[in-house]
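User: I'm new to reading protein models, and I'd like a close look at one part of this one. Could you start with the chain as a whole and then zoom in step by step?

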There are 2 protein chains.
Amino acid sequence: MDGSGAAPNCLDGVRVLDLSQFEAGPSCTEALAWLGAEVVKIENPKGGEPGRVLGTGPRPGADAYYFMIYNANKKSATVDLKSERGLQLVKEMAKRADVFVENFAPGAIERLGLGWEVLHALNPRLVYAQVKGFGEGSPYENNLAFDMIAQACGGTMAITGERDGRPCKPGPTLGDTGTGMLLAIGILGALYQRHATGKGRRLQIAMQDAQLQYTRSAFVQHARSGEPAMRNGAKSLAGGMAPAGIYPCKPGGPNDYVYVFTSPANPEHWQRLLRVIGREALIADPRFATREARGQHEAEIDQIVSDWTRGRDKHEAMRLIGGAGVPAGAVLDTGDLLGEPSFEKRGIIQTMQHPNGELRMPTFPVRFDGAPPPVKPAPLLGEHTTEVFGEWLGMSAADIEELRTEGVV
Amino acid sequence: MDGSGAAPNCLDGVRVLDLSQFEAGPSCTEALAWLGAEVVKIENPKGGEPGRVLGTGPRPGADAYYFMIYNANKKSATVDLKSERGLQLVKEMAKRADVFVENFAPGAIERLGLGWEVLHALNPRLVYAQVKGFGEGSPYENNLAFDMIAQACGGTMAITGERDGRPCKPGPTLGDTGTGMLLAIGILGALYQRHATGKGRRLQIAMQDAQLQYTRSAFVQHARSGEPAMRNGAKSLAGGMAPAGIYPCKPGGPNDYVYVFTSPANPEHWQRLLRVIGREALIADPRFATREARGQHEAEIDQIVSDWTRGRDKHEAMRLIGGAGVPAGAVLDTGDLLGEPSFEKRGIIQTMQHPNGELRMPTFPVRFDGAPPPVKPAPLLGEHTTEVFGEWLGMSAADIEELRTEGVV
């Protein structure tokens, strides 16, 4: 097996008109691109979408790594949305598109004259999809949102952090990519339905609302206890299980920990663990004989397990404990993941070959007939303007050159 | 607008044969159910899938809240997979299904004789989807995984927690639901493609691999710095921005914080914030005049902002700061979210009416033509056995009763 599989080609022939920016919208359209859709970013001729310059990239002044990672496998065409002719071009494209995606500030797309009613009238087959920070009808409907605002208001921070500490933001960008993935599900559902109905649908998702999809175990915890679910360090929200959590490994760096979990549904986990760490004698110890007893002696258990893990590095600890049939996982950071050869071999981490330089990055992790989608470069600004207007609208190179001279594209 | 919209019906007529359990698989098939597919859980007649008894539920001994929340809108049919006749029934169903999903331990489905080759030969149109903890070709291919193991090994914990503290597990169950959502995208892509090809595909996703999709901003940070991305409390991984983070509010409870973010791309945010908190005089202060200067005076800025936020509750702080055009969000917990009337009004939080009792829970947050999918009850064990075998296989009630007597269903 290697990572150079064929593209999934699931969405061959599907055209996505992509007016989105930053991450929530682009992560959604990138998933569609990885499935094989032709995704065309419509960008301002003067600099493109703001994500192009968020942070640094492989070359000073060139596209940022941030842009590269969220816009793989797409095309870029420039259009000045402030010009009447530019707006007309977008409408012409919308007539020929299957999907439209935008995540401008609340009300902006409607003020441009590209709202649902307008585009639906032009092309009833169009699936029209929008991302906003807060939902229609929310008291914060008109507020701005970024990933961290969505996470604060969506409940992810309250359940993340040490038990007695402040809320922490989960490192994953659930506010952005977490939202984008759910919208992709909606778009694909609507595309499937269109085969039967011939009609597109209007889809909306709010970044705040999207967080709830990923925190439902906290709602389960709330239903059980009648109290708001709280954060619990590296342990599960419910707590009361031992051993379960992260244990320190050598050489003692900030990420030198191994997660060990003994499932309450499987009492063998605890006995297997004791054998691995050479403490078989404790199998019969009444302090640790049942799940409840272990919960009451958590501090002693954590000491026993730590005494063993401190003598191993996290990889060895994972190999030995996991190999014995006890769920175990080293706490891996981006350096560990980029350095793990099997990720590259399996195509989960690939190298984007971009005119400005390389970027080693994860691809979409679903494997289709054995291989994940191949990563292709994020587009340079306007790289496909001529190609796209030619293919979608039948315009000649001379037509497009004229628009370019006028600053429309 | 209210929450009682029509079902999206995107997947009308799509039949999902669901052999999955716990959360990663069930969250995936639940998304398909919310889009309108007929999802039939195949469960052990003796107790059903193990998620049914994970924790407590509305009634002692009845289905757990955990099961209810991840199995809304599905059907349940019982089949003993250890009996030859039971396996035959599942194969007959696979001939009539559009999608097959399983997340048993590595190798288990193949040992049952229900592997990809077998079912693909019986029904070339079947989309065959599998979730495992680690990917084929990983050194940990045969290891067990749960949500927390996938998060440890997938890089989410290393980037979550206080800067100088231990790694924390993000509260959202990215290892499970995060994986399930990506698999749903793959399944929907394969279903779309089948219209053109008439053929199903083999899809696989590993819970470890899936985490990388949500942590790509950490890979961006690694590409910028050349070092592993580190956790940073409630702030962004890159840091260097002020004000940006959570600020304490009254009355000082564990979740009484408001997130305030001033974007480096928009210098107006800082000036607007100073006006809201009555510190206009500082607009001209050279210590805070540029992004870089503010980054150097982060401690002073955090003090200035906190002095104001401590005098307000988090809702008031969000309303005032957000209303002034500065991105702001209260840190909301499950209690706040369940108590916010607009969630119910908009249909984002609904009440599952279940024979054993109620559960207030989030529904799938994408709105289709204005409304999210309505929540229907999770099935009782075997509730639909007679209906499903009748409709899918044309069996009579007497046939099914005989199988029941024999313990096959």
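Analyst: Among contacts in chain A between residues at least 6 apart in sequence, 67% join residues at least 24 apart (contact means heavy atoms within 4.5 Å). This is a predicted model, in which local features need pLDDT of at least 70 and side-chain atom pairs count only at pLDDT 80 or more, while totals for chains, interfaces and linings use all residues. Residues are numbered from 1 along each chain as written, chains are lettered from A and ligands numbered from 1 in written order, and side-chain values use heavy atoms, without hydrogens and water.

Chain A has 17 helices and 12 strands (DSSP runs numbered from the N terminus: H or I of at least four residues, and E of at least two). Its C-alpha atoms fill a box of roughly 85 × 45 × 45 Å along the principal axes. Of its 409 residues, 62% count as buried (under 20% relative accessible area, with exposed over 50% and partly exposed in between, using a 1.4 Å probe and protein chains only).

Now let's zoom in on helix H1. In chain A, 11 of the 11 residues of H1 (residues 24-34) are buried, so this helix is largely enclosed by the rest of the structure. Among them are Ala24(A), Pro26(A), Glu30(A) and Trp34(A). Just after H1(A), Gly36(A) takes a positive phi of about 115 degrees.

For another example, look at chain B. There, the rings of Phe100(B) and Tyr128(B) have centres 4.8 Å apart and planes at 15 degrees, so they are stacked. Phe100(B) is in strand E4 (residues 99-102) and Tyr128(B) in strand E5 (residues 127-132), so to speak two distant parts of chain B, 28 residues apart. Both residues are buried. In chain A, ring pairs link Phe100(A), Trp116(A) and Tyr128(A) into a cluster.

One last stop brings the chains together at Gln204(B). This residue is in strand E6 (residues 202-206) of chain B and counts as buried, at 7% relative accessibility. Its side chain makes a polar contact of 2.9 Å with the side chain of Glu136(B) (a pair of N or O atoms within 3.5 Å; within protein, one must be able to donate a hydrogen and the other to accept it, and residues adjacent in sequence count only if both atoms are side-chain atoms). Leaving aside neighbours within four places in sequence, the contacts of Gln204(B) include Pro365(A), Val366(A), Arg367(A) and Gly370(A) from chain A, as well as Gln130(B) from chain B.

Terms used: Phe/Tyr/Trp six-rings, centres within 6.5 Å; stacked < 30°, edge-to-face > 60°.
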